[in-house]
Amino acid sequence: MNIKNKVGAGILNAITESLYDNPIVVFREYVQNSVDAFKHLNNNNNSQVKIIYHTDSNTSSLCFLDNGSGIIENKFLEKMTSIGASFKIQTEDVGYKGIGRLSGISYCDTLYFLNILDFHENSFQIYKIDCNAYRSLKKNSNLSEMDFAALMDSIGSFLQSKDEIDAFIQSRNLNLLFSQNGDMYNSSNSGFLVIMENLSPLLTDVIREKDFMNNLGWLLPVDFENECFSNQRYRDAMEYITKTIPDSLRSYDITFNNQPILRPIKKDTLRSYSIVKNLDYGFMLLNFNNDRMIIDKKNIFSGIKVYLDNFLLCDENELIPSLARYRFLKSSSTNEMIQSCRTIGGIIYISSKSLIFANARRTFVEVYDSDSLNFLNNVGSCIAKINETRYSLSRLHSEIKKVDKNQTRVDMLLQRANEHLAALTNFDCPIDDTFLKSEQNFEDLSPDEQKKLLKKKISTVIDKYINEFIEQYSVSDYQTASDDFFLWLKNKV
């Protein structure tokens, strides 16, 4: 029996409602399928993915066009109508669960999958999923009583005849799309096209966000902005990682409406130091300042991002609570740890794909054996060191800012901060002591800061006198104690 006949139709709801509840995942899933298709080509030097977004007053569409291997002709219908029957290999391919193509169902009215068998001969296969029909069935029928094959028979259709295919291509003006992107197929004659028609407001809002291109740059396996490599320390760190685990940093030519998508790290977002930490199952790039770790909300390269196959797996918002849940962070609150991570720029590249897998939602590591636990323990140790270093630098700066700072305490805090920096970097990374010599003048403070400092200074002196008065005060009259103190103080001074 075909596997599609063994699966209940309710699985589609479980997938679309839980695994693909964030609209931006459609970009990951469809690009992921393209990347896997590139691996089956003999020559993939010209591998490209073109994402095209079109909207007018009546309609909107999102297309994913690639020049990968496409799907073998006699396997196309089976792949379109099956679930969990992927032919991919988990340790080699990015996707492997056979469900990614369904990610768009919640975010459009109609999905089309066009298999490019022979681009120059206009040989195509087309499969359609009516997403509105699925939503109607889900609302009005009991999907638990239907198997997946019957569901696909109800909402899907296979365009087989040449007349059907030609009519579809003409109605969607795809000849123009293909002619405008024909250069993609000079070396490859095959590919794939996904069309999402009439996008949902949720997906449209994601595309219209001002940080959308940056979000794609973090999410997808793309190259870096060239200018960031003018920073020598950053270039050396990235070259080391690239040479050590090249497959983990493999990037592709991906565009959105003909605009190249790049990892949004620029020269002015980099801090003074870049180092690489060995996590045994991958590497962590850390970009930080060694004199102070503070949150800069304007710096887009802040926080820690985890990558598997150069696709974003999660950032500090998912990473820190998960590490705490598995008890790999034993001190400080999760919020404090998240804030500490945002004082640096960090990227974790997982290299041991045969040992470390993504969970089903592709939001974290699949934790089930000693390898994944050891990896997370190593990550947790690095983050704990970041947190300790941040706070040691903060305490040092707080002491230095004091008008009446204690030099002995400054020296002690400086030593501790340098020790934490050395533990974080595995080499001496002493703080530039220029700022240590700067004096904080009372006149430079704001009026409120001056009042607070005066209050503290006066309170310290008064407390000293109160303690001295109480030590020698022998009268037990509670009512006159204050008057007695002021008289004593007047004679004292």
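User: Glutamate 316, buried or exposed?
Analyst: Buried. In this predicted model, glutamate 316 has a relative accessible area of 5%.

User: What does the glutamate 316 side chain meet in a salt bridge?
Analyst: Arginine 342, at 3.2 Å, N to O. Glutamate 316 is in helix α11 (residues 316-325) and arginine 342 in the loop between α12 (334-341) and β13 (345-350), so the bridge ties together parts 26 residues apart in sequence.

User: And arginine 342, how is it classed?
Analyst: Partly exposed, with a relative accessible area of 25%.

User: How many salt bridges in the whole structure?
Analyst: A search finds 13. One of them joins arginine 409 and glutamate 399, 3.2 Å from N to O. Glutamate 399 is buried at 4%. Arginine 409 is partly exposed at 36%.

User: What about arginine 135, which residue does it bridge to?
Analyst: Aspartate 109, with the closest N and O atoms 3.3 Å apart. Arginine 135 is in helix α4 (residues 131-140), aspartate 109 in strand β3 (residues 108-118). Both are partly exposed: arginine 135 at 27%, aspartate 109 at 24%.

User: Switching to the surface. Which residues make the nonpolar patch of about 410 Å²?
Analyst: Leu454, Ile458, Ile462, Ile466 and Ile470.

User: Where is leucine 454?
Analyst: In helix α15 (residues 447-472). Leucine 454 counts as partly exposed, at 41% relative accessibility.

Definitions and conventions. Residues are numbered from 1 along each chain as its sequence is written. This is a predicted model: local features need pLDDT of at least 70, side-chain atom pairs count only at pLDDT 80 or more; totals for chains, interfaces and linings use all residues. Side-chain values use heavy atoms; hydrogens and water are left out. Patches are made of residues with over 30% relative accessible area and no salt bridge: like charges are joined within 9 Å, nonpolar side chains (Val, Leu, Ile, Met, Phe, Trp, Tyr) within 5 Å. Accessible areas come from the Shrake-Rupley method with a 1.4 Å probe; for residues, only the protein chains shown count as cover. A salt bridge is a side-chain nitrogen of Lys or Arg within 4 Å of a carboxyl oxygen of Asp or Glu. Helices (H or I, at least four residues) and strands (E, at least two) are DSSP runs, numbered from the N terminus. Buried means under 20% relative accessible area, exposed over 50%, partly exposed in between (1.4 Å probe, protein chains only).
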